[in-house]
Structures are given as C-alpha cells and as structure tokens.
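Trainee: I would like to learn how to read a model like this one. Where do we begin?

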Amino acid sequence: MKSLPRYGVPVPTPLLLCADPLRPTRCDPHFAAQAAVARSLGAGVALVDHDALLAGRAGEAVRRVPQGLGPLWYRGWMMTAEVYADLGAALEERGARLCTTAAMYRSAHELPSWYETFADVTPASAVMPCRPGLPPTAAELADLASALPPGPGVVKDFVKSRKDDWDGACHLPDLADTAAVHRVVSRFVALQEEFLTGGVVLRAFESFDRAAGEARVWWLDGERLAITAHPDTPGLLPRPDLTEIQPLVRRLGCRFVTTDVARRTDGAWRVVEVGDGQVSDLPSGIDPAAVLAPLIRRR
Ligand SMILES: Nc1ncnc2c1ncn2[C@@H]1O[C@H](COP(=O)(O)OP(=O)(O)OP(=O)(O)O)[C@@H](O)[C@H]1O
Ligand SMILES: [Mg+2]
C-alpha cells in the first residue's frame, strides 16, 4: 500500500473500492479491472465492506482501510447521501479523507440538488418527496404534473428509474391522465421497495435519438476527463457538443461528476441525468485508465 514519493512526482491518490462480499480481503470482481489499473499506475487500493456500510455499520465497513491514508477517491456501488456522509466520517477517524465531500456527493447524485443548475439543458422536472412504500395520492400527482408541459412523461426517484419496466413503471403516455399516472407511479414506488431514494420525480418526455445512444461525459474539477458510451449501450458513442453544458458543470461545484447526454431529435444536446463520478459505472470494453489515470493524479 505504501508508495514512496519521488522528487517532483506527486504520489497517486489511492482508490477505495468495494470488497468482494464472499472474500472480504479481495476486491469485488466488478471493480477488479479498476483495481489492477490503479495498482499499475502506482496508486494504492483500499477496500470497503459495502454491505456493512448499507447496514449502518460504517466503522466496521472501513476496518481494513490502513490508518493515515489521507485523500481517497471512492469507486464502487452507489449509496445514499446519508450513507456517504457516514462513510466519510468513519474514514476520517482512520486518518483518510474522501476527495468528494458529502455535500458534493449529494449535489451530483440526487436530481433535486442538480436540477436547477441544469434546468435549461435537461427535461422539465417536478419533485415530490415521499417515503418508501408510500406513493403520492392521485390528487398530489395531478398537482405535480400540472407544473410540467402537457404531453408524455417519465417517473423516477431522486437517483434511479425503472427503465427496464418502461411501460409498467417508467413511461407516462399522458401526464393529464391522472389515473394512469397514479397507476404507473404506484407501481414504480412498490418496485423500488426500501431503496426508493428521496421521493418521486415526474419529468417531461423528450424525443431522443435512441439509435445514437447516450454519451457518458466524465468531468474532473470542471474539465472534461473522458467521453465514454453509456453502460447500457457500450457499442454506441455519440460525440456531443458540450459548449452549453461545461459552464453548468463548473457552476455545480463538484469535483468528479458524470453527465449522461443524449441528442434530441431536433438536434439539441440534452443532459438526461447527472451523477457522482465515483458511483457511475464504466461501459464494458473500455480501458479504465481513461478515467482513472487523470483521477489519481488529483487529490
Ligand atoms: N425525460 C425523458 N424523456 C425521454 N426519455 C427519457 C427521459 N428520462 C429518461 N429517459 C430514458 O430513460 C432512460 C433511463 O432514465 P435515467 O437515466 O434518468 O434513469 P436511471 O435509472 O438513472 O438510468 P442509469 O442506468 O443511467 O442510471 C434514459 O436513458 C432515457 O433513455
Ligand atoms: Mg441514465
């Protein structure tokens, strides 16, 4: 784990990766390629027990992190902003510090925190906080939908959709059809179970060029790091125009973020969602060094 500082060459910032639940001293196989790349670039790799973290046992989750590690970038499974704050506090007790603060994590991870900044370049959205298992009433949804332009929409929570159940729990063919909106949103909330994050977001549907796919644009300190495919469509790599988007990423004020960008059928490049770069997945087939090499040079 120790790396000797060479004169004039900054010590690479270590990565904190998720441990394999079955072999806790090893990296989760999903992140093994990233661990190998980090090591080959001279960066240390520490492991966190993601299950213990989600179960509220942050101290136990970081017990394998060496003492006094200093700044760290996390790369792993997503977690709520509250759990991320617990992770940061537990690491600080061991002399380590997440380069992305808990406030920054929430800003990029949860739609209501990034929406205002990106409002000109992302589908119109209306947010209603609610708890797992307790969907808004039909009347509340009618009120929420009335804040959006008429026409079709989609539903998601503050972080994730049920895009794989497009007709049953994601797509809203007509925001004015309150009974149908209530049915789809209720199914969405039920399927999210206890993982429903924050509440419900209704978004105006925009017509994207689906054959072109989405680009996942990676940003570090407001500069573009890399453009990859979206993990759902690893073979498609659109080349977005980011002129309008880059100043907004800077305004958000987070260190390491992603923007998923799609081309609307009228040609406009639109931000489908913003994410924290630490929990954004890489598409298969890409060399993780494209993102990790510049990342570990920052602290
Ligand atoms: N407002 C919209 N108009 C049209 N299509 C949309 C809209 N919002 C989402 N979609 C479609 O649904 C997909 C999933 O939406 P979104 O990316 O917001 O959810 P997610 O579950 O967070 O996905 P990810 O796997 O990228 O984290 C998008 O990739 C896009 O194809
Ligand atoms: Mg998405």
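**Reading the model, feature by feature**

Mentor: Start with one side chain. The side chain of arginine 255 reaches the backbone oxygen of arginine 299, at a distance of 3.0 Å. Keep in mind that this is a predicted model.

Trainee: Where is arginine 255 placed?

Mentor: Arginine 255 sits in the loop between α10 (245-252) and β11 (256-263).

Trainee: Does arginine 255 count as buried or exposed?

Mentor: Buried means under 20% relative accessible area. Arginine 255 has 15% relative accessibility, so it counts as buried.

Trainee: Let us zoom out. Into which domains is the chain divided?

Mentor: Domain 1 covers 15-99, domain 2 covers 107-111 + 209-296, and domain 3 covers 124-204. The centres of domain 1 and domain 3, taken over C-alpha atoms, are separated by 33 Å.

Trainee: How should I read a nonpolar core?

Mentor: Begin with the general idea. In soluble globular proteins, nonpolar side chains tend to be buried together. Now the case here. The largest nonpolar core has 48 residues. Leu16, Val48, Leu87 and Leu91 touch the most other members.

Trainee: Which helix gives the most to this core?

Mentor: Helix α4 (residues 81-93) does, with six residues.

Trainee: Next, the ligand. Which residues come nearest to ligand 1?

Mentor: There are 19 residues around ligand 1. Lys156, Ser161, Lys163, Glu214 and Glu273 come nearest. Then sort the shell by class. It has eight nonpolar, two polar and nine charged residues.

Trainee: Which strands each supply at least two residues of the shell?

Mentor: Strands β6 (153-156) and β12 (269-276).

Trainee: Why does ligand 1 lie between domain 2 and domain 3?

Mentor: Both domains give residues to its shell, so ligand 1 lies between them.

Trainee: How much of the accessible area of ligand 1 does the protein cover?

Mentor: On its own, ligand 1 has 610 Å² of accessible area, and the protein covers 91% of that.

Trainee: Now tryptophan 219. In which strand is it found?

Mentor: Tryptophan 219 is in strand β9 (residues 215-220). Its relative accessibility is 1%, so tryptophan 219 counts as buried. The C-alpha atoms of tryptophan 219 and lysine 156 are 24 Å apart, and the two residues are 63 residues apart along the chain.

Trainee: Last topic, backbone angles. What is the phi of glutamate 193?

Mentor: Phi is near 50 degrees for glutamate 193, a positive value in a residue other than glycine. Glutamate 193 lies in the loop between α9 (178-192) and β8 (199-204). With 48% relative accessibility, it counts as partly exposed.

Trainee: And what about aspartate 221?

Mentor: Aspartate 221 has a positive phi of about 50 degrees, although it is not a glycine. Its place is in the loop between β9 and β10 (223-229). At 34% relative accessibility, aspartate 221 counts as partly exposed.

Key:
Residues numbered from 1 in each chain as written. Chains lettered and ligands numbered in written order. Predicted model: local features only at pLDDT ≥ 70, side-chain atom pairs only at ≥ 80, totals over all residues. Heavy atoms only, no water. Near = heavy atom within 4 Å. Areas by Shrake-Rupley, 256 points an atom, 1.4 Å probe, with all protein chains shown as cover. Helix = DSSP H or I, 4+ residues; strand = E, 2+ residues; numbered from the N terminus. Nonpolar A, V, L, I, M, F, W, Y, C, P; charged D, E, K, R; others polar. Domains from an automatic or database assignment. Core = buried A, V, L, I, M, F, W, Y, C linked by side-chain atoms within 4.5 Å. Buried < 20%, exposed > 50% of the residue type's maximum accessible area, 1.4 Å probe, protein only. Polar contact = N/O pair within 3.5 Å; in protein donor to acceptor, adjacent residues only side chain to side chain.
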